[in-house]
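Here's a quick tour for anyone new to reading protein models. Have a look at the picture first, then work through the points below.

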Amino acid sequence: MAVGTAPRTPAAPLAGALGTRLRRFTEIAREVLRNPTTLIGAALIVGMIGMAIFAPLLIEPNTPNPYQMPRDWGALNEPPGTPGHFLGTTQQGGDVLYGVIWGARTSLRLSIIVVSITVVIGLIVGSLAGFLGGKIDELLMRLVDVFLSIPELIFALAIAAVLGPSFGNIILALAAVFWVKYARIIRGQVIHIKQNEYVDAARVIGDSDLRIYMKDVLPNSITPVVVQATLDMGNVVLIGATLSFIGLAEAGLAEWGVLVSQGQAGISAGRWWASTFPGLMVFLWALAFNLVGDGLRDILDPRTESKR
Amino acid sequence: MTVAPAPEPAVGTAGTVASVVDLKVHFESKAGRVHAVDGVNFDIRDGETLGLVGETGCGKTVTARSFLRLVPMPPGIHAGGSVLFRPHVRCSHCSGSGCEECEGTGRQPVECTVCAGAGCAACDHSGFETIDLSHISERELRGIRGDRIAMIFQDPAKALNPALTVRDQIAEVFAQHRTSEVLERAALGTSRNPLLRRYVSQKSRLFEKALLAVPPLRSRRQRIEKVFDDMVAAALAETQIPNPSKVMQRYPHELSGGMKQRVMIAQALACNPDLLIADEPTTALDVTVQARIIELIKELKGVHKSAVLYISHDLSLVRRVCDRVAVMYAGRVVEIGPTEEIFANPLHPYTRGLIAAIPSRANDRGQLVAIRGTVPELIDPPPSCRFVQRCSFAVSICAQIDPELETGPDRHAVACFIHNPPEGAAEVPSFSKPTS
Amino acid sequence: MQIKDYVLRRMMVLPILIIGTSLIVFTLTRVGGSPVGIYLSHEMTPEEVAEIEQRYGLDQPLPVQYLTWAGGMLTGDWGWSGVAAAPVRQVFPDKLGATMELAVAAGIVAVALGIGLGTYGGARRDRLPDHLTRVFSISGAAMPIFWFGILLLIVFWVGLGWAPIGRSDADIFQSIAHPTGLYAIDAIIAVSWTAFVDAIWHLLLPAIALGFGTAAIITRMMRSSLVESMSEEYVDAARAKGLPEKLVLRRHARRNALIPTVTVIGLSFGFLLQGTVVVEIIFRWPGLGRWMADAVLRGDQATIMAYVMFTSVLFLLVNLAVDVMYAYLDRRVVLGT
């Protein structure tokens, strides 16, 4: 309690605010690690992101393009346990283990790009709608409603189809679909905060809108955005892999959905491994981010605590 | 199980409808074990209204809920003691209108099945059938809930199910406890058809309902529904709800707060219980409605002659409604006695504080008197008087020994060393010697 | 009265959303590829192409083109499907029947499983069954349908040889009438037990694959809203009336818990619809989804446009129905108390 009585120099409140935020962060981190389900999720995330980052160390990258599956034409359809091909090979002689490891890198790239683009778009659209209000708000929110009226996957599928089948276009398609939720969250926060008295108080003091935005709106929006972004890190890979499973990515790409799709042809002949392992990775990836995202939501939103 | 500090023998005197005997209900929490109710003793006599007063968190609601075992376990723990209940039947001498034999209550207790009235351990030496509510099976308990003991909850808006009509909610009570009566009134008393009996007691599954929706069973089902309608309307009419057969088709959210509480009361009194537990029945209501609901409870009590356990934190209210008052503090009953006696001659320093805190003309200088300090933490309390930290008369023994509730003259009991000093104590507290 | 107002208000938004969706779909198709493609079949001569361009006003400015296309959608001219080599409108009903059969079966699986498991787990909060249903609901939501479907095939089709793949093609289906296009129901109408069993047998795996994720979503919602309603005072009040625990659960807790669950069932219908694309590919099911996937890969724009329009309108209608149902179940929503 004595900490709170620091001298009221102009720097002190800022340092205090930083301090409380830092303390809150460590508190949240501790909560995440205390709950067994979120702990499992966090461990999986660390493991898979580690695998993505250290992929070149774990398995020799294919030249010239490491994101392309290597081909071992001497070893087609080998079962797991084959020397040199721990998880077996595909019909085209691709090493399943290579696909699993480099697929993690592909997925990490995909999810980080899509989530950061969508957060930025959502931030801009949501802030504009919330701050400007009136006609612009109405228009933007109708747009959001329209976007929400087409099921995610089908919308992304249509966009990717029009743009032409390539992994880059999958990224674009996902970005075009996933920004909507952030726009809603941010707009809700802006309007909520605009109604709060302390913003009026800030106005009276003479704070500019921008300052209010930086000081009140953004910090208060962080929590729901972080939760949504965590969940989306998983969902983006799930939907992205589905799109490439359907066939919208380049055929030789080291990507889990592509591998499952290629392996599918062999299952009637009993070659289960080429689909099973990459698919398992998609599942684990989505599961991990879902576990942590849900855990975060419960921790950050006291109202849902009783529901756990 | 420790026996209560000898309540006066029930046999021969006014009957006791329920006794709380050294009841202990604890809660497991992260910080430790909370002794929410920690050795509570009191009796409720036939036809009386007993007020249970105390501050928020003193354990009065937990005590009340323990009658019907509605305390969620876990986190609650039944840590000892029990609630004894003596079911009654209509008085055989006056058939319910009230006479000398039943002291005007219209009911009489049932002879103990174990000792045939001689008095044994099973019936707490009363000779009357005594049910240990804390230890009987769920099934037996269900038979008592809503039939012999009913409860009115604090906030009728929360205690009524928003998705069921008033009629459906009250009908449930009859469905559970008056199955045969419903069948008889529908002129189906002799029917051997299990479908109908299951329908009345709401056990029907989907396919049975389908069978009952087509002739020939359809007309019988409609007759049963009509009986339910009549019974519910009669129950509602008793609470002076205008136009009951209209009101009962409504959903709770379509009714005002006062109306909802009337519905709760109608539901509670539907089976003419021996004991009605009213847990702050007016706290959630508008002030203007409160008085009318209190009058209604008093009036219906006069008609039904049920005993009432009236829980409240409002002393002036309790004074208006109750025959006797038990004052609870920090999980204990600290004083119990006839209402007039308590108000005229409060024995416990806490009761004195409470009464002094009632705004009245005596302290009308715009000041409200407050008891200093706050309620102590109930986590693993030490063996001392619970009130010691807030008491103006506390001496050293008050912090060392736990005073017990001891009966004095005029059936007025108190748990305080001022009145019942322990033998050989070096220093004895006294109202004439304020210590702080 | 108020419910009617609410429904009217919701219905007034509907056309706006549909027009918005059609604008997006139209814009999308104009971004890539020649617009004339959607009306072309392969055997057309250049003269015929020019004639079609003129007929559909493709030499006109964009707004006119939009109106022509939208008018076509409304009047039943949905363009030419290159994949099916036939007009979209002509192939649509058959494929729709197959997809609806799958979606309905999966929906039944999902709702039954979801409400059942959610109630079972929620009523036993923090005990083993509850933990197990939570594992199910979390893993179900993260499960890639394409992988789960393949796992089912590996185990039950390749491994055990129990289940067939594809839609029932029993001879009997050639001989009976198809008034609904849903084989199982057609079989019932034709009173053919063998046909019915065969249809269900073929439906089983794809319906489970498709319903699994939705079941997980419903389970989760049902569990949490049941846990919430179990802690409501009216549940204690029901116990205080002497109701057995079974009735407390059925009449009081579950009834109220179902209300928020209904909205989730509506929302997860979209999840089910999009899942058909993947499930139909894996199980070789001749429905709309597989057609759409083929169309996407071969740039069959007419099919894509028709499919996206159809699914989103269906999705909107289902959600409208759910909202109305919700308002009916929980009148407090509308009355605002």
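Which residue in β4(B) does Lys24(B) stand opposite? Look across to β4(B) and you'll find Gly80(B) facing Lys24(B). Keep in mind that this is a predicted model. Let's start with the sheet around that spot, then move over to chain C.

**The sheet in chain B**
- Strand β1 (residues 16-29) of chain B runs antiparallel to strand β4 (residues 76-85) of chain B, and eight bridges join them.
- Zoom out and you get an open sheet of four strands in chain B, ordered β2-β1-β4-β7, with antiparallel pairing.
- At the edges sit β2 (32-45) and β7 (131-132) of chain B, each pairing on one side only.
- Helix α1 (residues 60-67) of chain B packs on this sheet and touches β1, β2 and β4 of chain B. The direction of α1 makes about 120° with that of β1(B).

**Two helices in chain C**
- The axes of α10 (residues 233-240) and α11 (residues 245-282) of chain C come within 10 Å and cross at roughly 145°; the crossing is right-handed.
- On the α10(C) side, the residues that meet α11(C) are Tyr234(C), Val235(C), Ala238(C) and Arg239(C). Their partners in α11(C) are Val248(C), His252(C) and Ala253(C).
- Sorted by class, this contact has five nonpolar residues, one polar and one charged.

**Where chain C meets chain B**
- Here 18 residues of chain C are in contact with 23 residues of chain B.
- On chain C's side, α10, α11 and α14 (331-335) each supply at least two residues, and α10(C) gives the largest share, with six.
- That side of chain C has eight charged, six nonpolar and four polar residues.

Terms used:
Residues are numbered from 1 along each chain as its sequence is written. Chains are lettered from A and ligands numbered from 1 in the order in which they are written. This is a predicted model: local features need pLDDT of at least 70, side-chain atom pairs count only at pLDDT 80 or more; totals for chains, interfaces and linings use all residues. Axes are lines fitted to C-alpha atoms, for helices over the stretch in contact, and angles run from 0 to 180 degrees between N-to-C directions. A crossing is left-handed if the near helix is turned anticlockwise from the far one by less than a right angle, and right-handed if clockwise. Two residues are in contact if their C-beta atoms, placed from the backbone, lie within 7 Å. Ala, Val, Leu, Ile, Met, Phe, Trp, Tyr, Cys and Pro count as nonpolar, Asp, Glu, Lys and Arg as charged, and the others, Gly among them, as polar. Two strands pair if DSSP finds at least two bridges between them.
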